[in-house]
Amino acid sequence: MSSVWAEQLRIASVTIPMRQCAGCREKAPRADLVRLVQDGKETVRVDAAKVLPGRGVNLHHGCLDRALRTRAIVRGLRLQSGISPEQILDWPDQIPAS
Ligand SMILES: [Zn+2]
């Protein structure tokens with residue numbers, strides 16, 4: 001590996017924003033995760049554009065069930081009560097290919 005390539009790789013790895021998935025606790029590029037924000041008292045909304053202010057949790061699309069089971073969303077958003085899948089607005093059927 002040339003040093004130029006190594007430098008490119010280093011730059012790439014520090015400029016991609018990484019977030020921790022609340023379901024599996026692994027780090028992933030922000031673009032690969034779905035961001036949830038609190039939306040009112042008892043509902044949570046998908047922040048598709050990742051621009052909404054406030055506390056958010058990030059999840060792999062496939063980690064929703066796990067995050068619900070472990071109450072990671074409740075803890076992450078400091079919700080007053082538990083949350084069911086019906087209370088999550090705009091959860092995508094699948095992650096759009098990027
Ligand atoms: Zn995950």
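You'll find Arg78 in the loop between α3 (72-77) and β6. Helices (H or I, at least four residues) and strands (E, at least two) are DSSP runs, numbered from the N terminus.

## What you're looking at

This is a predicted model, where local features need pLDDT of at least 70 and side-chain atom pairs count only at pLDDT 80 or more, while totals for chains, interfaces and linings use all residues. Residues are numbered from 1 along each chain as its sequence is written.

## The four-stranded sheet

Now for the sheet, which is open, has four strands in the order β5-β3-β4-β6, and shows mixed pairing. At its edges are β5 (56-59) and β6 (88-89), each pairing on one side only. Two strands count as paired if DSSP finds at least two bridges between them. In general, strands of a sheet pair through backbone hydrogen bonds, either parallel or antiparallel.

β3 (residues 34-38) and β4 (residues 44-46) pair in the antiparallel sense, over three bridges. Across from Leu36 you'll see Val46 in β4, and Val37 stands opposite Arg45 in β4. The hairpin of these two strands has five residues between the strands, and Gly40 takes a positive phi near 90° there. β3 also runs antiparallel to β5, joined by four bridges; Arg35, for one, has Asn58 as its bridge partner in β5.

Which residues of β3 are on its covered face, and which are on the uncovered one? Val34, Leu36 and Gln38 are on the covered face, while Arg35 and Val37 are on the uncovered one.

Leu36 and Val34 also belong to the largest nonpolar core, which has 12 residues, including Val44, Val57, Leu59 and Ile73. Such a core is a set of buried Ala, Val, Leu, Ile, Met, Phe, Trp, Tyr and Cys residues joined through C-beta atoms within 7 Å. β3, β5 and α3 each supply at least two residues of this core. Leu36 touches Val44, Val46, Asp47, Gly56, Val57, Leu59, Ile73 and Ile88, leaving aside residues up to four places away in sequence. Touching means that the C-beta atoms, placed from the backbone, lie within 7 Å.

## Two positive phi angles

Most residues other than glycine have a negative phi. Arg25 has a positive one, near 65°, and is found in the loop between β1 (18-20) and β2 (27-29). Arg25 is exposed, because it has 11 other C-beta atoms within 10 Å.

Lys50 is not a glycine either, yet has a positive phi of about 55°. Lys50 lies in the loop between β4 and β5. Is Lys50 exposed or partly exposed? Lys50 counts as partly exposed, because it has 16 C-beta neighbours inside 10 Å.

## Over to helix α1

Finally, take a look at Ile11 in helix α1 (residues 3-15). Ile11 counts as exposed, because it has 10 C-beta neighbours inside 10 Å. Ile11 and Ser81 are 70 residues apart along the chain, and their C-alpha atoms are separated by 42 Å.

Key. A residue is buried if 20 or more other C-beta atoms lie within 10 Å of its own, exposed if 12 or fewer, and partly exposed in between; C-beta atoms are placed from the backbone. Two residues are in contact if their C-beta atoms, placed from the backbone, lie within 7 Å.
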